[in-house]
Amino acid sequence: MSAPASPDVAAPAGVAPATRRGLDPRSRILLVVLVSVVVMSPLGLRFVPAALVLAVALAAAEGAWRRVVALPIVASAMWALGWALPLWWPNAATMVVSVACAYLIRFVAAIGVGMHLVATTSPTHLSAALRSWRVPRAISVTLAVMLRFFPVVRSEAAAVLDAMRLRGLAGPAGLVRHPVLSLERFAVPMIAASLRASEDLSASAILRGLGSRRAPTSMVAPRFAAADLILLVALLALAAGTLLSPWALA
């Protein structure tokens, strides 16, 4: 079976390049930076509901239905602990929880938008977008390798947890019975797997020519399209609705 063609290799003569779908990678990067800066600002709590709506809409457009359900549930739990609980049961402990949730809900909104970037942007498309911005090669290569590293670590962690379940060390019961042993059995294989994965990814990056002085040609060049215009209109509508709305988390 032949291997699929890489997006960073030029298409042969007479073969049409693959059609790009979704947002431009540069729009996703700018979106993550913009949302993170806005929600982490001193008045960022006012924009958290709009950021959560945007994160849920992006997850629905992507087809990540688990995230569509998880984001509102987590945000609602943060709201209940941070705003409703202190009004119902005012004391020092609930005030500490309220302050913590006021910051954590910002991270929920920013991470919800950032997960769309990680889930929908391949390392090759990310590299092409950063090259179009003339980003230094040291930064673009590092970010591309990191984007490949996260799925590898997730798969290795799932394999380690499966092995721990077979030995009765995973889950709350195993952690209560053998807390130190459970942490040791998880941490040591994960460190070894991460080191091995980093070496493999470094070798793969060299084979793909990421360290070459010649810029590779992308089959799907980054271009702004109708989806990016729709995103801009949605951002303006959410910002206007937030500024005109009398209700805010703050």
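Visitor: Buried means under 20% relative accessible area, exposed over 50%, and partly exposed in between, with a 1.4 Å probe and protein chains only; what share of the chain is buried?
Guide: Of the 250 residues in the chain, 31% are buried. The model is predicted, so local features need pLDDT of at least 70 and side-chain atom pairs count only at pLDDT 80 or more, while totals for chains, interfaces and linings use all residues. Residues are numbered from 1 along each chain as its sequence is written, and side-chain values use heavy atoms, leaving out hydrogens and water.

Visitor: How many helices and strands does the chain have?
Guide: The chain has nine helices and zero strands. Both are DSSP runs numbered from the N terminus, a helix being H or I over at least four residues and a strand being E over at least two.

Visitor: Now salt bridges: how many are there?
Guide: The count comes to four, where a salt bridge is a side-chain nitrogen of Lys or Arg within 4 Å of a carboxyl oxygen of Asp or Glu. One of them joins Glu-62 to Arg-67, with the closest N and O atoms 3.1 Å apart.

Visitor: Is Arg-67 buried or exposed? And what about Glu-62, buried or partly exposed?
Guide: Arg-67 counts as buried because its relative accessibility is 11%. Glu-62, at a relative accessible area of 29%, is partly exposed.

Visitor: Which residue forms a salt bridge with Glu-156?
Guide: The partner of Glu-156 is Arg-196, and their closest N and O atoms are 4.0 Å apart. Glu-156 is in helix 6 and Arg-196 in helix 8 (residues 179–207), so this pair ties together parts 40 residues apart in sequence. Glu-156 is partly exposed at 24%, and Arg-196 is partly exposed at 44%.

Visitor: And how many residues apart are Arg-165 and Asp-162?
Guide: They are three residues apart in helix 6, which means about one helical turn separates them. Arg-165 is exposed at 52% relative accessibility, whereas Asp-162 is partly exposed at 43%.

Visitor: Where is Val-160?
Guide: Val-160 is in helix 6 and is buried, with a relative accessible area of 11%. Between the C-alpha atoms of Val-160 and Pro-189 there are 7.0 Å in space, although these residues are 29 apart in sequence.

Visitor: Changing topic, which residues form the nonpolar patch on the surface?
Guide: Met-40, Val-99, Tyr-103, Leu-104, Phe-107, Ile-111 and Met-115 form it, with about 650 Å² of accessible area together. Patch residues have over 30% relative accessible area and no salt bridge; like charges are joined within 9 Å, and nonpolar side chains (Val, Leu, Ile, Met, Phe, Trp, Tyr) within 5 Å. Areas come from the Shrake-Rupley method with a 1.4 Å probe, and for residues only the protein chains shown count as cover. Val-99 is in helix 4 and is partly exposed at 47%.

Visitor: How much space lies in the second largest pocket?
Guide: About 300 Å³. Helix 4 (92–120) and helix 6 (137–166) each give two or more residues to its lining, and helix 6 provides the largest share, five residues. Among the lining residues are Arg-67, Met-115 and Phe-150.

Visitor: How is that pocket defined?
Guide: On a 1 Å grid over the protein atoms alone, a pocket is an open set of points where a 1.4 Å probe fits, with protein on both sides within 12 Å along at least five of seven lines; lining residues have an atom within 4 Å of a point. Points are joined across faces, edges and corners, and the volume is the space filled by probe spheres set on them.
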